[in-house]
Amino acid sequence: MRRVHHCQLRRSDMAYGHINNVIYVSYLEEARAGMFAGRSPGQDVSALGENAVVARHRIRYLQPLVYRPEPVRIESWVSRIGRSSFTVEHEIRDDEALYCRASSIIVAFDVEIGRPRPLLPEERAVLETFLEPDPAPEPSA
Amino acid sequence: MDEAGHIHNVVYLRYLEETRIDVFSVNPPKPGAAALAFAVVAEMDIEYLRPLAYRPEPVRVETWVARIGTSSFGLSHEVHDGDTLHARAQSTMVAFDAGTSRARPLRSEERAVLEELTDDRVGRVA
(Lines give C-alpha, C1' and ligand atoms only; values in the text may rest on other atoms or scores of the structure.)
Protein backbone atom coordinates (compact mmCIF):
# COMPACT_ATOMS: atom_id res chain seq x y z
CA MET A 1 0.00 0.00 0.00
CA ARG A 2 1.38 3.39 -0.93
CA ARG A 3 1.18 6.18 1.57
CA VAL A 4 0.38 9.57 0.10
CA HIS A 5 1.87 12.68 1.66
CA HIS A 6 0.71 16.07 0.43
CA CYS A 7 3.79 18.20 0.51
CA GLN A 8 3.58 21.95 0.62
CA LEU A 9 6.38 23.63 -1.32
CA ARG A 10 7.99 26.78 0.06
CA ARG A 11 9.04 29.79 -1.96
CA SER A 12 12.28 29.81 -0.03
CA ASP A 13 13.09 26.32 -1.43
CA MET A 14 13.61 27.84 -4.87
CA ALA A 15 17.01 28.60 -6.35
CA TYR A 16 17.64 29.60 -9.97
CA GLY A 17 13.99 29.17 -10.90
CA HIS A 18 13.36 25.70 -9.48
CA ILE A 19 13.26 23.85 -6.19
CA ASN A 20 16.83 23.06 -5.11
CA ASN A 21 17.79 19.39 -5.45
CA VAL A 22 18.81 19.05 -1.81
CA ILE A 23 15.36 20.16 -0.65
CA TYR A 24 13.70 17.19 -2.37
CA VAL A 25 15.50 14.93 0.08
CA SER A 26 14.03 16.86 3.01
CA TYR A 27 10.60 16.40 1.43
CA LEU A 28 11.25 12.65 1.24
CA GLU A 29 12.22 12.62 4.88
CA GLU A 30 8.92 14.28 5.80
CA ALA A 31 7.05 11.66 3.79
CA ARG A 32 9.01 8.85 5.44
CA ALA A 33 8.42 10.18 8.94
CA GLY A 34 4.70 10.28 8.14
CA MET A 35 4.74 6.56 7.28
CA PHE A 36 5.84 5.66 10.79
CA ALA A 37 4.49 8.38 13.07
CA GLY A 38 1.04 8.51 14.61
CA ARG A 39 0.32 4.78 14.48
CA SER A 40 -2.12 3.27 16.97
CA PRO A 41 -0.90 2.45 20.53
CA GLY A 42 1.19 -0.71 20.60
CA GLN A 43 2.46 0.15 17.16
CA ASP A 44 4.84 2.90 18.08
CA VAL A 45 7.31 2.60 15.27
CA SER A 46 8.16 6.28 15.01
CA ALA A 47 11.81 5.34 15.63
CA LEU A 48 11.89 4.08 12.04
CA GLY A 49 11.14 7.56 10.83
CA GLU A 50 13.16 9.51 13.34
CA ASN A 51 16.17 7.56 14.54
CA ALA A 52 16.83 5.12 11.75
CA VAL A 53 19.91 5.83 9.70
CA VAL A 54 20.00 6.34 5.96
CA ALA A 55 22.54 4.03 4.33
CA ARG A 56 21.90 5.08 0.74
CA HIS A 57 19.79 7.43 -1.34
CA ARG A 58 19.39 6.95 -5.07
CA ILE A 59 17.53 9.89 -6.52
CA ARG A 60 16.54 10.64 -10.10
CA TYR A 61 15.41 14.17 -10.81
CA LEU A 62 13.10 13.81 -13.79
CA GLN A 63 11.43 17.21 -14.18
CA PRO A 64 12.21 20.50 -12.50
CA LEU A 65 9.77 21.36 -9.75
CA VAL A 66 8.77 25.00 -9.61
CA TYR A 67 7.08 26.63 -6.64
CA ARG A 68 3.30 26.68 -6.75
CA PRO A 69 0.79 27.03 -3.94
CA GLU A 70 -0.75 23.59 -4.54
CA PRO A 71 1.02 20.76 -2.73
CA VAL A 72 2.74 17.97 -4.63
CA ARG A 73 1.98 14.34 -3.85
CA ILE A 74 4.70 12.09 -2.46
CA GLU A 75 3.81 8.42 -2.81
CA SER A 76 5.90 6.14 -0.59
CA TRP A 77 6.08 2.41 -0.27
CA VAL A 78 8.43 -0.34 0.93
CA SER A 79 10.10 -2.58 -1.64
CA ARG A 80 12.31 -4.71 0.62
CA ILE A 81 12.40 -5.74 4.30
CA GLY A 82 15.68 -7.19 5.55
CA ARG A 83 16.93 -8.13 9.00
CA SER A 84 18.06 -4.66 10.10
CA SER A 85 17.33 -2.62 7.02
CA PHE A 86 14.57 -1.89 4.55
CA THR A 87 14.17 -0.01 1.29
CA VAL A 88 11.65 2.78 0.83
CA GLU A 89 10.61 3.95 -2.65
CA HIS A 90 9.26 7.41 -3.33
CA GLU A 91 7.67 9.24 -6.21
CA ILE A 92 7.14 13.00 -6.14
CA ARG A 93 4.34 13.73 -8.57
CA ASP A 94 1.06 15.34 -9.43
CA ASP A 95 -1.54 14.31 -12.00
CA GLU A 96 0.49 15.82 -14.83
CA ALA A 97 4.06 14.78 -14.14
CA LEU A 98 6.50 12.61 -12.23
CA TYR A 99 9.16 14.96 -10.87
CA CYS A 100 11.38 12.66 -8.90
CA ARG A 101 11.89 8.95 -8.25
CA ALA A 102 13.94 7.87 -5.27
CA SER A 103 14.96 4.72 -3.46
CA SER A 104 16.42 4.85 0.06
CA ILE A 105 17.96 2.13 2.21
CA ILE A 106 17.17 2.71 5.88
CA VAL A 107 18.88 0.91 8.76
CA ALA A 108 17.33 0.46 12.20
CA PHE A 109 19.88 1.80 14.62
CA ASP A 110 20.49 1.40 18.32
CA VAL A 111 21.56 4.87 19.40
CA GLU A 112 22.85 3.61 22.78
CA ILE A 113 25.39 1.21 21.35
CA GLY A 114 25.82 3.06 18.07
CA ARG A 115 25.16 0.02 15.89
CA PRO A 116 22.46 -1.38 13.61
CA ARG A 117 19.85 -3.50 15.38
CA PRO A 118 17.35 -6.07 14.09
CA LEU A 119 13.92 -4.74 13.13
CA LEU A 120 11.34 -5.37 15.88
CA PRO A 121 8.29 -7.54 15.09
CA GLU A 122 5.94 -4.54 15.40
CA GLU A 123 8.16 -2.59 13.03
CA ARG A 124 8.14 -5.42 10.49
CA ALA A 125 4.35 -5.60 10.77
CA VAL A 126 4.03 -1.92 9.89
CA LEU A 127 6.59 -2.16 7.09
CA GLU A 128 4.63 -5.08 5.63
CA THR A 129 1.54 -2.91 5.32
CA PHE A 130 3.51 -0.77 2.86
CA LEU A 131 5.20 -3.66 1.07
CA GLU A 132 4.97 -3.54 -2.71
CA PRO A 133 7.95 -5.49 -4.04
CA ASP A 134 9.33 -4.30 -7.34
CA PRO A 135 8.02 -6.39 -10.19
CA ALA A 136 10.55 -8.93 -11.44
CA PRO A 137 12.43 -7.60 -14.45
CA GLU A 138 10.91 -8.80 -17.69
CA PRO A 139 12.90 -11.56 -19.37
CA SER A 140 14.89 -10.22 -22.26
CA ALA A 141 13.61 -11.22 -25.65
CA MET B 1 22.79 17.29 13.20
CA ASP B 2 20.37 14.62 14.42
CA GLU B 3 19.59 13.63 18.02
CA ALA B 4 22.63 11.39 18.18
CA GLY B 5 24.97 14.27 17.33
CA HIS B 6 25.59 13.00 13.78
CA ILE B 7 25.54 15.14 10.69
CA HIS B 8 22.14 14.66 9.06
CA ASN B 9 22.04 12.77 5.74
CA VAL B 10 20.53 15.72 3.87
CA VAL B 11 23.39 17.98 4.94
CA TYR B 12 25.94 15.83 3.09
CA LEU B 13 24.16 16.76 -0.13
CA ARG B 14 24.56 20.40 0.80
CA TYR B 15 28.29 19.80 1.30
CA LEU B 16 28.49 18.27 -2.18
CA GLU B 17 26.67 21.24 -3.65
CA GLU B 18 29.04 23.69 -1.93
CA THR B 19 31.94 21.66 -3.23
CA ARG B 20 30.66 21.84 -6.81
CA ILE B 21 30.34 25.60 -6.59
CA ASP B 22 33.80 25.85 -5.09
CA VAL B 23 35.43 23.57 -7.66
CA PHE B 24 33.79 25.10 -10.73
CA SER B 25 33.47 28.76 -10.01
CA VAL B 26 35.43 29.93 -7.01
CA ASN B 27 38.66 28.26 -6.19
CA PRO B 28 40.28 29.13 -8.53
CA PRO B 29 37.80 30.94 -10.82
CA LYS B 30 37.24 29.08 -14.11
CA PRO B 31 36.66 31.71 -16.81
CA GLY B 32 34.10 30.43 -19.31
CA ALA B 33 33.17 27.47 -17.17
CA ALA B 34 31.73 28.98 -14.00
CA ALA B 35 28.23 28.00 -15.13
CA LEU B 36 29.16 24.36 -14.44
CA ALA B 37 28.58 25.12 -10.78
CA PHE B 38 24.93 25.63 -11.66
CA ALA B 39 24.44 22.57 -13.81
CA VAL B 40 21.34 20.76 -12.59
CA VAL B 41 21.49 17.45 -10.77
CA ALA B 42 19.81 14.71 -12.79
CA GLU B 43 20.81 11.77 -10.59
CA MET B 44 22.40 11.34 -7.21
CA ASP B 45 23.48 8.07 -5.65
CA ILE B 46 24.98 8.52 -2.19
CA GLU B 47 26.14 5.83 0.21
CA TYR B 48 26.55 6.75 3.86
CA LEU B 49 29.31 4.51 5.15
CA ARG B 50 30.11 5.84 8.62
CA PRO B 51 28.39 8.48 10.74
CA LEU B 52 30.10 11.81 10.94
CA ALA B 53 30.01 13.51 14.34
CA TYR B 54 29.95 17.29 14.47
CA ARG B 55 33.28 18.95 15.19
CA PRO B 56 34.71 22.34 14.37
CA GLU B 57 37.40 21.03 12.00
CA PRO B 58 36.39 20.71 8.35
CA VAL B 59 36.05 17.41 6.54
CA ARG B 60 37.65 16.79 3.15
CA VAL B 61 35.43 16.29 0.12
CA GLU B 62 37.34 14.80 -2.81
CA THR B 63 35.74 15.39 -6.18
CA TRP B 64 36.59 14.22 -9.67
CA VAL B 65 34.96 13.94 -13.06
CA ALA B 66 33.98 10.39 -13.89
CA ARG B 67 32.36 10.92 -17.31
CA ILE B 68 31.89 13.67 -19.88
CA GLY B 69 28.90 13.45 -22.24
CA THR B 70 27.31 15.86 -24.72
CA SER B 71 25.23 17.85 -22.24
CA SER B 72 25.93 15.95 -19.07
CA PHE B 73 28.85 14.85 -16.95
CA GLY B 74 29.36 12.50 -14.06
CA LEU B 75 30.97 13.48 -10.78
CA SER B 76 32.35 11.26 -8.05
CA HIS B 77 32.67 12.49 -4.51
CA GLU B 78 34.17 11.05 -1.35
CA VAL B 79 33.75 12.58 2.09
CA HIS B 80 36.84 11.84 4.17
CA ASP B 81 38.00 12.55 7.66
CA GLY B 82 41.68 11.73 7.84
CA ASP B 83 41.93 8.13 6.66
CA THR B 84 38.26 7.38 7.22
CA LEU B 85 35.81 7.36 4.32
CA HIS B 86 32.39 8.54 5.54
CA ALA B 87 30.38 8.78 2.35
CA ARG B 88 30.70 8.09 -1.35
CA ALA B 89 28.52 9.62 -4.06
CA GLN B 90 28.06 9.57 -7.81
CA SER B 91 26.07 12.26 -9.53
CA THR B 92 24.95 13.03 -13.06
CA MET B 93 24.95 16.74 -13.81
CA VAL B 94 23.29 18.38 -16.82
CA ALA B 95 24.32 21.72 -18.32
CA PHE B 96 21.19 23.79 -18.34
CA ASP B 97 20.09 26.87 -20.22
CA ALA B 98 18.15 28.91 -17.70
CA GLY B 99 16.63 31.03 -20.50
CA THR B 100 15.02 28.12 -22.32
CA SER B 101 14.84 25.80 -19.27
CA ARG B 102 16.39 23.04 -21.35
CA ALA B 103 19.57 21.00 -21.36
CA ARG B 104 22.30 22.46 -23.58
CA PRO B 105 25.56 21.02 -24.94
CA LEU B 106 28.70 21.55 -22.87
CA ARG B 107 30.86 24.37 -24.28
CA SER B 108 34.42 23.70 -25.31
CA GLU B 109 35.89 25.73 -22.43
CA GLU B 110 33.68 23.76 -20.02
CA ARG B 111 34.85 20.46 -21.50
CA ALA B 112 38.44 21.58 -21.03
CA VAL B 113 37.86 22.26 -17.33
CA LEU B 114 36.06 18.93 -16.91
CA GLU B 115 38.89 17.10 -18.65
CA GLU B 116 41.39 18.61 -16.23
CA LEU B 117 39.34 17.25 -13.36
CA THR B 118 39.12 13.77 -14.84
CA ASP B 119 42.53 12.74 -13.67
CA ASP B 120 42.92 14.78 -10.53
CA ARG B 121 40.96 14.62 -7.37
CA VAL B 122 40.32 18.06 -6.05
CA GLY B 123 40.33 18.12 -2.28
CA ARG B 124 38.07 20.72 -0.76
CA VAL B 125 36.97 21.30 2.77
CA ALA B 126 33.34 21.60 3.77
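User: Is Arg2(A) buried, partly exposed or exposed in this structure?

Analyst: In this predicted model, Arg2(A) has a relative accessibility of 31% and therefore counts as partly exposed.

User: With which residue does Arg2(A) form a salt bridge?

Analyst: Side chains of opposite charge can pair when their charged atoms come close. Here, Arg2(A) forms a salt bridge with Glu91(A), and their closest N and O atoms are 3.5 Å apart. The two residues belong to distant parts of the chain, 89 residues apart: Arg2(A) lies in the segment before β1 (3-7), and Glu91(A) in strand β6 (residues 85-93) of chain A.

User: Is Glu91(A) buried or exposed?

Analyst: Buried means under 20% relative accessible area. Glu91(A) is at 10% relative accessibility, so this residue counts as buried.

User: How does the side chain of Glu91(A) meet that of Arg93(A)?

Analyst: They meet in a salt bridge, at 2.8 Å from N to O. Arg93(A) has a relative accessible area of 22% and is partly exposed.

User: Which residues are linked with these in a network of salt bridges?

Analyst: The network links Arg2(A), Glu91(A) and Arg93(A) with Arg73(A), Glu75(A), Asp95(A) and Glu132(A).

User: How many salt bridges are there over all chains, by this rule?

Analyst: The count comes to 17. One of the pairs in chain B is Arg14(B) with Glu17(B), whose closest N and O atoms are 2.9 Å apart.

User: Where do Arg14(B) and Glu17(B) stand in helix α1 of chain B?

Analyst: They are three residues apart in this helix (residues 9-26), so about one helical turn separates them. Arg14(B) is partly exposed at 30% relative accessibility, whereas Glu17(B) is buried, with a relative accessible area of 14%.

Methods. Residues are numbered from 1 along each chain as its sequence is written. Chains are lettered from A and ligands numbered from 1 in the order in which they are written. This is a predicted model: local features need pLDDT of at least 70, side-chain atom pairs count only at pLDDT 80 or more; totals for chains, interfaces and linings use all residues. Side-chain values use heavy atoms; hydrogens and water are left out. A salt bridge is a side-chain nitrogen of Lys or Arg within 4 Å of a carboxyl oxygen of Asp or Glu. Helices (H or I, at least four residues) and strands (E, at least two) are DSSP runs, numbered from the N terminus. Buried means under 20% relative accessible area, exposed over 50%, partly exposed in between (1.4 Å probe, protein chains only).
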